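Please open the model in your viewer and keep the selection panel at hand.

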Amino acid sequence: MTELGLLLLALYLVEGLRWAPRDSIFWSRRPWGGLRPRSPREWRRGSHAGPLLPEPWLPCLGRLPSHGWPLALSPAGLCVLRGPRAGEALEWSAAAKIGLAGSHLTVDKQRLADAGSAREARALSALIRRLAVAAKEDRHGVIEDALRRRFSAVEARSRIEQWRRASRPGTLLAWAVTLNLAAGPILSALLGWARVVPAWVGLHALLTLLITGFFFAAARWLGDHGPDDRWQQAISMVLYPPSTARFQDALGRDLLAGLDPLAAAPLHAAGLPELARSRLADSERHHGSTSPVRDWYAAELARSVDRLLEAEGLSPEVLRSAPVRESGALSYCPSCRTQYRVGRGTCRDCDETPLTPFA
Ligand SMILES: [Zn+2]
């Protein structure tokens, strides 16, 4: 029974692991309320994707993944931003060749870029098809419109509120199934397996039935899952206990699809300036590159971040201003604000962000 307990714990932890692009943000609900942004770890130096580690209280709270675009779009064409083909550019005349394979965008069946989720990839490929057939002078407007929708904090708030309302009544069920999974092996060790197992398995079956029914109703109400998707999820919950415990994760999986990771940041009051700085530093980092597509897109992205900040009553200038200078400091990281005693170089913690010298 100890072995079974350890096996269940291992399955539960593995079930909580996610692999995602490094610039994705998982909005994780905290037990005392509010959302906390969590990013995938750096797998190895400079890696473009990494693991998101599970949290102990997760079964009852869920995480809402949000992914940035893996491509820069401009009226002239597109350019891959991350992954093994980063820097590769395509003109719109060649964009018709772009296909889909799960969460990947492909060219001639070869992987071009990873959009983070299948739904995100479908939306991006639809936008690419639209841009490929649009007149050159219309493309600017199409991209600007798409970015405006991606950076809508109003939309993020409304979706998260819907998800809260849909998933909250199931929180007790998630806790109950988790505690029951943990209690079985412990009670069996104390009282003997013959006395515990029938009640343990029976209770788990009952809770699974309740959770599956609840998931079906909530997913239908949210409208993010198609019928096939709902059935697939329900079958995996019946067959695989750890996924039953984490059903709120499944419910929120595509909730923020189509929105930029920063769109949900205003819900994490203390984190918006910090996240916006890191996003601005990220988009400005591409300015030094030689790709005009990337430069155009970085400027457009910076405007979208500014609009979001202004809508939330924050000044973009305050975010870009230098921190209070510590004695001996010659430069700082524009993303995390760490100060350095060297005049130039890159930040140790922020994926090689170039340092800004103090004026
Ligand atoms: Zn930094």
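**First stop: α6 and α7**

Select helix α6 (residues 193–222) together with helix α7 (residues 227–239): the two pack at an angle of about 165 degrees, and their axes are 10 Å apart. The model is predicted, local features need pLDDT of at least 70, side-chain atom pairs count only at pLDDT 80 or more, and totals for chains, interfaces and linings use all residues. Residues are numbered from 1 along each chain as its sequence is written. Helices are DSSP runs (H or I, at least four residues), numbered from the N terminus. Axes are lines fitted to C-alpha atoms over the stretch in contact, and angles run from 0 to 180 degrees between N-to-C directions.

α6 and α7 are therefore roughly antiparallel to each other, a term for angles over 145 degrees. On the α6 side, the contact is made by Thr208, Ile211, Thr212, Phe215, Phe216 and Ala219; on the α7 side, by Arg230, Gln233, Ala234, Met237 and Val238. Two residues are in contact if their C-beta atoms, placed from the backbone, lie within 7 Å. The residues of this contact comprise 7 nonpolar, 3 polar and 1 charged. Here Ala, Val, Leu, Ile, Met, Phe, Trp, Tyr, Cys and Pro count as nonpolar, Asp, Glu, Lys and Arg as charged, and the others, Gly among them, as polar.

Which residues of α6 are buried? They are Leu207, Thr208, Ile211, Phe215, Ala218 and Ala219; a residue is buried if 20 or more other C-beta atoms lie within 10 Å of its own, exposed if 12 or fewer, and partly exposed in between. The buried residues of α6 pack against α4 (153–167), α5 (171–191), α7, α8 (241–245) and α9 (247–251). Next, select Gly223, which follows α6 and has a positive phi, near 75 degrees.

Display α5 beside α6: they pack at an angle of about 170 degrees, with axes 9 Å apart. α5 and α6 are therefore roughly antiparallel to each other. Their contact includes Leu173, Ala176 and Val177 of α5 and Trp193, Trp200 and Phe214 of α6. By class, the residues of this contact divide into 14 nonpolar, 4 polar and 1 charged.

**Last stop: Ala182**

Finally, select Ala182, which lies in helix α5. Ala182 counts as partly exposed because it has 15 C-beta neighbours inside 10 Å.

Conventions:
Angles under 35 degrees count as roughly parallel, over 145 as roughly antiparallel, 65 to 115 as roughly perpendicular and the rest as oblique.
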